[in-house]
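This briefing sets out selected features of one protein model. Its points are grouped by topic and are meant to be read beside the sequence and the coordinates.

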Amino acid sequence: MLKTIKNHNQTLLFLLFSAVIFIFRIWYIRETNVLAIRNDEYGYWNHAALFSGHDWSDVFAGHMNWYSYGYSLVLTPLFWFSHNLHLMYKTAIVLNGIFAVLTFTICIQCASLLFPKTERWLVLTVSFMVCMYSSYLTQGAIAWSETFLYLLVWLLFYLFLRFDEQPSVKHALYASLCMGACYITHNRTIGIVTAYFLMVLFLRLTDAVDWKLFAAMLLPLLVILFLNVDIKAYLCTAEGFGLKPKNGMGAQVGHLLSLLTLQGWQNLIRALSGQIWALLSSTFGLLFFGILGCAARVIQAFRTKKPKKHTAFYLFTLLAAIGTFLISAVSLIDPASITSLKNDTDLTYFIYTRYNECIIGILLLLGFFELAQCKSIRTLVWLTLGEAGLYAAVSTILYFNLQRIQDTWHYRSFCAAGIGFYRLFSEEFSLKWCIVASAAGAFALLLLFTVCRTRFHRLRQAAACMLLVAAFIPTGLYSAQIGTIHSQRGKVSSGNLAMFGLLKDVVGDREVYCTLDDTKNYRIAYELQVNLIDTHVYSITMDDLPEQAGCFICCSNGDLDKFEGDDYYLLAQSRYYATVIKGDALMQELAPDLEFELVNLNMLDHL
């Protein structure tokens, strides 16, 4: 038995790490039954519904903006096998677990190519640590594009690395296709797309690739980008979104133009500082070493004019990181909430890291090995001082902005999950506790890498990985709980799901109308449509109630006294909403099959 374990220890370690990665991605699967996060999930599921033959445009057209359709292609097959949203949603979470294991596999391949002299067991351990990053865990608990996007971006880096090692038409085509897949999955990868174009041009101008490879690296991506324009126009028209500026890069024109003003540059510095601060905190400084490692290798290659192995890969990674950070910051530089700070300003504008975390994995991998392989204590000290100086600078900028905000609970945890460990010390956002925790973690890592450097070096690196994993797991799960699971529990406890379930049992092929409540909250209409997958739901106002009988109406409880006529009956009611039957004939048809009496709305005042 022991001999078998020894002979297959690497395989067993891979299986163990894969199982842990999968389990923690689906940790909350028993509680994930409904869509929870703003409009993003609805946008992706809406595309998937259209691809599978369902028309949800009457609900989503008036209030939804554009969302990319790449992840929707993954969700579409779920509609072919089931129309039970709860089962479909849980299946999507299981897919997140599978995507995470595939990401782990690709991370191992990248680490093996970049650091071939490292023992296999240590490569597995470092890759495991990278894939357990706290925000990765948080995003795994929700059925939206993030976990799938992380897989695609990791695949892109791997394919580019393979092309860098062995330039060929095959590798060039694969990288180009994967870059296109990343973009149609999330438009915020435009920073990586820009880096890709710059790299292809650079390689051609330096004669690193010939015209044949140049064409192979560009043509598939260009075809995808041009086709994407037509597909997007079709979807926006078919689903009723319309080709509004907010549905494309035109939405950022105003933000870019604001850079012509001093206020615009101040906002850019604020947004960038907040993102860098949050990512440095959440990675305990590894982000700094990852970017520094890329920059150092690129600068050395330009100085010596003798590029070493993988220089092109490091340059691409550096450009992709810079482009992603800038795109994310540009999207935040001009909202009123970051220009005119108030008590209830949304902190997420300063620490929004969700768009950056698609590239955080590769920087974690590179940063860990950069720190672990630093042979000179003197160099390590200088690098640590540089990191501390940068961290102090961005912390100061953030402090002088956040000190004017008193309602520090106003924060979207699922968009800045990496620094969720502050919630372990304070119910409100605490800049102080974030700095203390991240500094303590960084100090512990430095101790593991510097004390007794000649003894048990690999084991101490593995211990550093486990230390990071021990910090990532509670942070990621807790952020998922407060950002996603609590929202889903709220929907269950509000009684909406029970109301939808009863309506689904009796609706048949009849139409359902959903009115807007006094707060113009369209989410109830979205929830209704995704739970009644095969039913045509219309979004209306109380002024536009249907005249024909034989239909169902979902409305706010506060609107129940606004129905005029004696043929309206209360079918179901949740804490905030109610479902009403219109028509005596429909009431009489349904009444024998129900375990309760249908009450005429005119009688409610007398009950």
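In this predicted model, strand β5, residues 577–582, is largely enclosed by the rest of the structure, because six of its six residues are buried. Strand β3 and strand β4 both pair with β5 in the antiparallel sense. The points below begin with this sheet region and then turn to the chain as a whole, to individual helices and loops, and to cysteines and aromatic rings.

**Strand β5 and its partners**

- Y577, T579 and I581 point one way from β5, while A578, V580 and K582 point the other way, and all are buried.
- The pairing of β5 with strand β3 (residues 551–556) is antiparallel and runs over six bridges.
- Within that region, C555 has A578 of β5 as its bridge partner.
- Strand β4 (residues 568–573) also pairs with β5 in the antiparallel sense, here over five bridges.
- Y568 has K582 of β5 as its bridge partner.
- Three residues lie between β4 and β5, and the two strands form a hairpin.
- Y568 is itself buried, with a relative accessible area of 5%.

**The chain as a whole**

- The secondary structure comprises 25 helices and six strands.
- Of the 607 residues in the protein chain, 57% are buried.
- Among contacts between residues at least 6 apart in sequence, 78% join residues that are at least 24 apart.
- The accessible surface of the chain is about 26000 Å², and carbon and sulfur atoms account for 62% of that surface.

**Helix α10**

- Helix α10 covers residues 169–185, a total of 17 residues.
- From its first C-alpha to its last, α10 reaches 24 Å, close to the 24 Å expected at 1.5 Å a residue.
- The buried residues of α10 are H171, A172, A175, S176, C178, M179, G180, C182, Y183, I184 and T185.
- An α-helix has 3.6 residues a turn, so residues three or four places apart point the same way.
- The elements that cover the buried residues of α10 include α5, α9 (146–165), α11 (190–205) and α12 (211–238).

**F79 in helix α5**

- F79 belongs to helix α5, which spans residues 70–81.
- With a relative accessible area of 4%, F79 is buried.
- Beyond its neighbours within four places in sequence, F79 is in contact with W45, A48, A49, S52, H54, W56, M88 and I533.
- S52 is 27 residues from F79 along the chain, and the C-alpha atoms of the two are separated by 6.4 Å.

**Positive phi in two loops**

- F284 is found in the loop between α14 (262–282) and α15 (286–304).
- Phi of F284 is near 55°, a positive value in a residue other than glycine.
- F284 is buried, at a relative accessible area of 9%.
- H310 is placed in the loop between α15 and α16 (311–330).
- Phi of H310 is likewise positive, near 75°, and H310 is a residue other than glycine.
- H310 counts as buried at 7% relative accessibility.

**Cysteines**

- The structure holds zero disulfides.
- For C110, the closest cysteine sulfur is that of C107 at 6.6 Å, which is too far for a bond.
- C110 is buried, with a relative accessible area of 0%.
- C131 is in no disulfide, and its nearest cysteine sulfur, also that of C107, is 4.8 Å away.
- C131 counts as buried at 0% relative accessibility.

**Aromatic rings**

- The count of aromatic pairs comes to 32.
- The rings of F24 and W27 form a stacked pair, because their centres are 4.9 Å apart and their planes lie at 10°.
- F24 is buried, with a relative accessible area of 15%, whereas W27 is partly exposed, with a relative accessible area of 43%.
- The rings of F563 and Y568 also have their centres 4.9 Å apart, but their planes are at 50°, so this pair is tilted.
- F563 counts as buried at 8% relative accessibility.
- One aromatic cluster is formed by F157, F160, F163, Y196, F313, Y314 and F316.

Terms used: Residues are numbered from 1 along each chain as its sequence is written. This is a predicted model: local features need pLDDT of at least 70, side-chain atom pairs count only at pLDDT 80 or more; totals for chains, interfaces and linings use all residues. Side-chain values use heavy atoms; hydrogens and water are left out. Helices (H or I, at least four residues) and strands (E, at least two) are DSSP runs, numbered from the N terminus. Buried means under 20% relative accessible area, exposed over 50%, partly exposed in between (1.4 Å probe, protein chains only). Contact means heavy atoms within 4.5 Å. A disulfide is a pair of cysteine sulfur atoms within 2.5 Å. Accessible areas come from the Shrake-Rupley method with a 1.4 Å probe; for residues, only the protein chains shown count as cover. Two strands pair if DSSP finds at least two bridges between them. The expected span of a helix is 1.5 Å times one less than its number of residues. Rings of Phe, Tyr and Trp (its six-membered ring) pair if their centres lie within 6.5 Å; planes under 30 degrees apart count as stacked, over 60 as edge-to-face and the rest as tilted.
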